[in-house]
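Please look over the sequence and the model shown below before reading the notes on it.

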Amino acid sequence: MSEYLYIKNASQVITVSGSSNKPKVGREMSNIGVIENGSVLIKKDRIVLVGVNQAVEQYVNRLSEPVDVINAAGKVVTPGLIDPHTHIVFAGSREKELEMRLKGAKYIDILKAGGGILSTTAETRQASEQQLISETVPRLDRFLQYGVTTIEAKSGYGLTTMDEWKQLRVAKKLNEIHPIDLVSTFMGAHAVPNEYKENPDDFVQLIINEMLPLVAKEKLAEFCDVFCEEGVFTVEQSKIILVEGKRLGLLPKIHADEIVPFGGAELAAELGAVSADHLLRASEEGILEMAEKGVIAVLLPGTAFFLMAEPANARRMIEAGVAVALSTDRNPGSSPTESLPFIMNLACLTMKMTPEEVLAACTINAAHAINRAHEIGSIEVGKKADVILFDARNYQTLQYNYAVNLVDTVIKNGKVVVKGGVNVAK
Ligand SMILES: O=C(O)CC1=NCN=C1
Ligand SMILES: [Zn+2]
């Protein structure tokens, strides 16, 4: 195994270069830096050269050290895909809810009746750290097979100080043992637990006075997120939590305007949140304020699809100058999928995003949504060698061939972890 890995003769290399200091907005989202007949040279865990085949070949031929070669003929090479919004650490499953919703039950009514998030919370509270690890690893393995090399991971199924702490410790442990990188978000404000149903403001105080200080002291999360929604947390409660999180060094994110127009996008802009997520019902004012303040819209078309709801107005957001990222929203209730490639298909087919925009949204813009654009999200010299080879001759095929997995090879930190679609990292 040499220090050099040479990915040669790709049909296309999609570099998504030139936007590491700020996310792509507007027409910039369509500029994804395509190199026809290109190659990539990796040394250890970093990208050291990317360009047209001949130029990279000449450089490689002058090297005195041995070079491992991957023949990428007929393949499209992209940066590793990034999922900036998952609830991946949890126990149990919620298939029963699908049947209820197919018979007309609404997501939010199931939650209000003590199901939904609260039923996953009951199972997650019961689960040991080891059980949470063993239930989450297969989900991470599937993400890897879909070409996802970095994900964000929220807490929010503990809803007690110790159980939120447990979830975040599990995410930290998974980040150490699994090839995928996990970036953690504290989301103690995911739902009001039954024991605080009569006095939700006391739960907000528990989050402020106990959970946030512990998470900040132990540096178990970089972001703080709140489910700002009718019947969950009010705009006022959300603001109190996110302002305190920000004071303690946790950057704000917000589940905004998912079910009803609720002012979440406006709150995200007011607080200068890194991202506002969902936005199926965001107002025109909220979109304009997000554009003005540079708040990234993390859109979740898989959740809209699974909840049989209208998706977010991506075209209006892109037109208004809001940076758009995409995510699976992997969770057991409203989006049980790891297929970020299918989310890209849905973004094209249900939100009319272009093949270029969805690639920018799943790479560099997603990297900005988790504060990692200096490290990942594009194929540029000095960045982490997180690279995907897709079995396709051009990037448009990735959206044309929908609901299939075209990932052939996944390289994580310069090491091959998926080959021929098979996980070889074990
Ligand atoms: O239902 C869940 O478990 C996750 C979720 N949080 C907010 N929307 C969906
Ligand atoms: Zn979510």
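This is a predicted model: local features need pLDDT of at least 70, side-chain atom pairs count only at pLDDT 80 or more; totals for chains, interfaces and linings use all residues.

Residues are numbered from 1 along each chain as its sequence is written, chains are lettered from A and ligands numbered from 1 in the order in which they are written, and side-chain values use heavy atoms, with hydrogens and water left out.

**Helix α4**

- Helix α4, residues 117-126, has I117, L118, T120, T121 and T124 buried, where buried means under 20% relative accessible area with a 1.4 Å probe and protein chains only, and where helices are DSSP runs of H or I of at least four residues and strands runs of E of at least two, numbered from the N terminus.
- These residues lie on the same side of α4 because they cover an arc of only 155° around the axis, the arc being that of the directions from the helix axis to the C-beta atoms.
- The cover over the buried residues of α4 includes α3 (107-112), α5 (129-145), α6 (161-177) and β9 (223-228).

**Cavities**

- Three cavities of 30 Å³ or more are found in the structure, a cavity being a set of points on a 1 Å grid over the protein atoms alone where a 1.4 Å probe fits but cannot get out, with lining residues having an atom within 4 Å of a point.
- The largest cavity has a volume of about 100 Å³, and volume here is the space filled by probe spheres set on the points, which are joined across faces, edges and corners.
- Of the 14 residues lining the largest cavity, H87, Y107, H190, N331 and S334 are the closest to its centre.
- The second largest cavity has a volume of about 70 Å³, and its lining includes P341, M344, N345, F390 and Y402.
- Helix α13 (residues 340-351) gives the largest share of the lining of the second largest cavity, three residues.

**Loop residues with positive phi**

- M308, a residue other than glycine, has a positive phi near 55° and is found in the loop between α11 (301-306) and α12 (314-319).
- M308 is exposed, at a relative accessible area of 53%, exposed being over 50%.
- N371, also a residue other than glycine, has a positive phi near 55° and sits in the loop between α15 (364-369) and β14 (387-390).
- N371 counts as partly exposed at 36% relative accessibility, a class that lies between the buried limit of 20% and the exposed limit of 50%.

Note on methods:
Contact means heavy atoms within 4.5 Å. On a 1 Å grid over the protein atoms alone, a cavity is a set of points where a 1.4 Å probe fits but cannot get out, and a pocket is an open set with protein on both sides within 12 Å along at least five of seven lines; lining residues have an atom within 4 Å of a point.
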